[in-house]
Amino acid sequence: MKLSLISSVTLLFSDAVSHSTCSDTGTRACQEYTIPVNVTSQVFIPSYPRFKDNFDVVDFFSALGGRASFIPFSGTKNVTAAYSIGATICSPCGSTRKEKTLLLASHGLGYDRRYWDSGVEAANYSFVDFAVSQGYSVFFYDRLGTGKSSMVSGYDVPQSTTQLAILQQLTSLLRNGNYTGAFGKPSKLVHIGHSYGSQLSNGLIATTPGLSDGAILTGLSYGVTSGSFLKEWGFRIAELQAPGKWPGRDNNYVTGVDACGNAATFFHENSYSKEIAWYNEDIKQPVATVELLTFRALPQEAPKFTKPLMVITGEFDAAFCDGNCTGVLAPPDSYFPNATDFQAIVHPAVGHGINFSYNATGAYAVMLDYLKKHGL
């Protein structure tokens, strides 16, 4: 069953909820927002059972990863709804030649916007800090159902087409100079994604290519993956696993069973520190089951996208390459035939979570050097 594109979008506005100014020694100024959005999208009508306990979760993922027929939906419908999206924009202190280039970063499953801005060892892991040090501004946000964005049912609401509609609306707002801090309209806007956030960014350049001046998709490949990492993650009902940690989520939000399951999903041996693994366990976010069921509704082929495009993924990515990304990153020729200087880069010796692995800044340097090469 194929989903059509977003049918309409209504733009709303909100004031910033917090401000940050540059100190004499500061390198960045950040501002937080709560952004109201109102989107219309075509979504699936779920028919799979709601989770009552963790045995239901085990049965669900066994069916999802099995060879037997599994049909979780009964049809489609159009839905219009309003949500609030938590977001942050950070810009360099002082004038730079890149200050008008805005990077819009979308995180993947299991995280919120903190994936891009580590609260520990920022010099080694924060993409935001690294990009700001190179003169870029970064807008990063919590996807619907995560972080400080609206809490909705994980059974049917945060579907991939809805998440894409939200990303498209945020992009339009930013391009028009809204929620961009003090510098107004960006001259260029580049989409950065990780994992599911890369799939959303891919969906954006496939459906609305004019909204993006370039894209870098991390933690993604176009080869065949078995989905075995889902078993390693060891999903359980989030509220039962950590009562009270994530208020407002129903039983169709699941989370990894422990820090070791999280490490098996996002890291590769000898490529991360245990301290960072525990930090990731502390900041992890639940996953809505309907996101896992609808990501294939996102279009991938983007023949009308003509701007620079890079895919960069860890050599030992378990989620998208079954632990070996060599030779499987590049998509079929029909996907991006007109993109400028398409690059598929294997980042050595790390797993799926590049931003929290050793040599994260090495990947950041490759990404931003590519943008600079193309005048972005």
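Two disulfides are found in this predicted model, where a disulfide is counted when a pair of cysteine sulfur atoms lies within 2.5 Å. A disulfide is a covalent bond between the sulfur atoms of two cysteines. Residues are numbered from 1 along each chain as its sequence is written, and side-chain values use heavy atoms, with hydrogens and water left out. Because the model is predicted, local features need pLDDT of at least 70 and side-chain atom pairs count only at pLDDT 80 or more, while totals for chains, interfaces and linings use all residues.

One of the disulfides joins Cys 30 and Cys 90, whose sulfur atoms are 2.0 Å apart, and with 110° about the S-S bond this link is right-handed. Cys 30 belongs to strand S3 (residues 28-46) and Cys 90 to strand S4 (residues 73-92), so the bond ties together parts that are 60 residues apart in sequence; helices (H or I, at least four residues) and strands (E, at least two) are DSSP runs, numbered from the N terminus. Both Cys 30 and Cys 90 are buried, a word that stands for under 20% relative accessible area, with exposed meaning over 50% and partly exposed in between (1.4 Å probe, protein chains only). The other link is between Cys 321 and Cys 325, with 1.9 Å between the sulfur atoms, and these two cysteines are buried as well. Cys 260, in contrast, is exposed, at a relative accessible area of 61%.

What of the aromatic rings? The structure holds 27 aromatic pairs, counted when rings of Phe, Tyr and Trp (its six-membered ring) have centres within 6.5 Å, with planes under 30 degrees apart called stacked, over 60 edge-to-face and the rest tilted. Among them is the tilted pair of Phe 229 and Trp 233, at 6.2 Å centre to centre and 40° between the planes. Both residues lie in helix H6 (residues 229-233), 4 residues apart, which is about one turn of the helix. Phe 229 is buried at 14% relative accessibility, and Trp 233 is buried at 4%. The ring of Trp 233 also pairs with that of Phe 235, and this pair is tilted because the centres are 4.6 Å apart and the planes stand at 40°.

A ring can also have a charge over it, which requires NZ of Lys or CZ of Arg within 6 Å of the ring centre and within 35 degrees of the ring normal. The charged end of Arg 50 sits in this way over the ring of Tyr 155, 3.9 Å from its centre.
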